[in-house]
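Here are my notes on the model you asked me to look over.

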Amino acid sequence: MISRKLSAGDIIDARCTRCREILNHRIVAMVEDKVVRVECNTCGGVHNYYPPPTAKEARAAKASKEPSAYRASSPRSGSKKDPVEAERAEWASLRPTMQIDKAQDYAMNESYRVNSLIHHSVFGLGVVKQLIAPSKMQVLFEDGVKLLRCQ
Ligand SMILES: [Zn+2]
């Protein structure tokens, strides 16, 4: 079996921490034959290399994103009018309008405006829905609305 050796500057598939997708990345740094840092071709972010998930992991991730599957495993799946479900649907409908490269990294000492696009290290991409004085805001994330601190 012939395996081509990777080197810095090569393009490989990697998991982007910002885009949260498997995308083309350019190798920035390697240690021996291991890729350590990559640059995302989509958002331009440089981050540690995360290999793309195996087919099995990809299927599991897809299954967990399925709202029905998620709800089915939840003990509180009786009510049909689930606000979180509606929030998830709203996020999904807004997703095509979100420009990832315009998202600000969330920090609690920043101030934000309604409709600002932010990137949270845990919740991912979110849109500011409402500012609640003092120093709190509601942000719509893929997983529903969260209350975050801000200035
Ligand atoms: Zn990216």
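1. Does Ser135 count as buried, exposed or partly exposed, and how many C-beta neighbours does Ser135 have inside 10 Å? Ser135 counts as partly exposed, because 13 C-beta neighbours fall inside 10 Å. On the scale used here, a residue is buried with 20 or more other C-beta atoms within 10 Å of its own, exposed with 12 or fewer, and partly exposed in between, the C-beta atoms being placed from the backbone.

2. On provenance: this is a predicted model, in which local features need pLDDT of at least 70, side-chain atom pairs count only at pLDDT 80 or more, and totals for chains, interfaces and linings use all residues. Residues are numbered from 1 along each chain as its sequence is written.

3. The chain has 3 helices and 9 strands, and along the sequence they follow the pattern β-β-β-β-α-α-α-β-β-β-β-β. Helices (H or I, at least four residues) and strands (E, at least two) are DSSP runs, numbered from the N terminus. Of the 151 residues, 14% count as buried.

4. Two strands pair if DSSP finds at least two bridges between them.

5. Within that sheet, strand S1 (residues 11-15) and strand S2 (residues 22-31) run antiparallel and are joined by 5 bridges. Ile12 stands opposite His25 in S2. S1 and S2 form a hairpin with 6 residues between them, and Arg20 in the turn has a positive phi of about 55 degrees. S2 is also joined to S3, by 6 antiparallel bridges; Val31 has Lys34 in S3 as its bridge partner.

6. Two further backbone angles deserve a look. Most residues other than glycine have a negative phi. Glu32, although not a glycine, has a positive phi of about 55 degrees. Glu32 lies in the loop between S2 and strand S3 (34-40), and is exposed, because 5 other C-beta atoms lie within 10 Å. Ser135, also not a glycine, has a positive phi of about 60 degrees. Ser135 is placed in the loop between strand S7 (124-132) and strand S8 (136-141).

7. A second open sheet has 5 strands in the order S5-S6-S7-S8-S9, and its pairing is mixed. S5 and strand S9 (144-149) are the edge strands, each pairing on one side only. S8 and S9 pair in the antiparallel sense over 6 bridges, with Met137 opposite Leu148 in S9.

8. Ala103 sits in the loop between helix H3 (83-94) and strand S5 (104-105). Ala103 is partly exposed, because 19 other C-beta atoms lie within 10 Å. Leaving aside neighbours within four places in sequence, Ala103 is in contact with Leu117, Ile118, His119 and Leu125; contact requires C-beta atoms, placed from the backbone, to lie within 7 Å. Ala103 and Val127 are 24 residues apart in sequence and 9.2 Å apart in space, C-alpha to C-alpha.

How values were computed:
Two residues are in contact if their C-beta atoms, placed from the backbone, lie within 7 Å.
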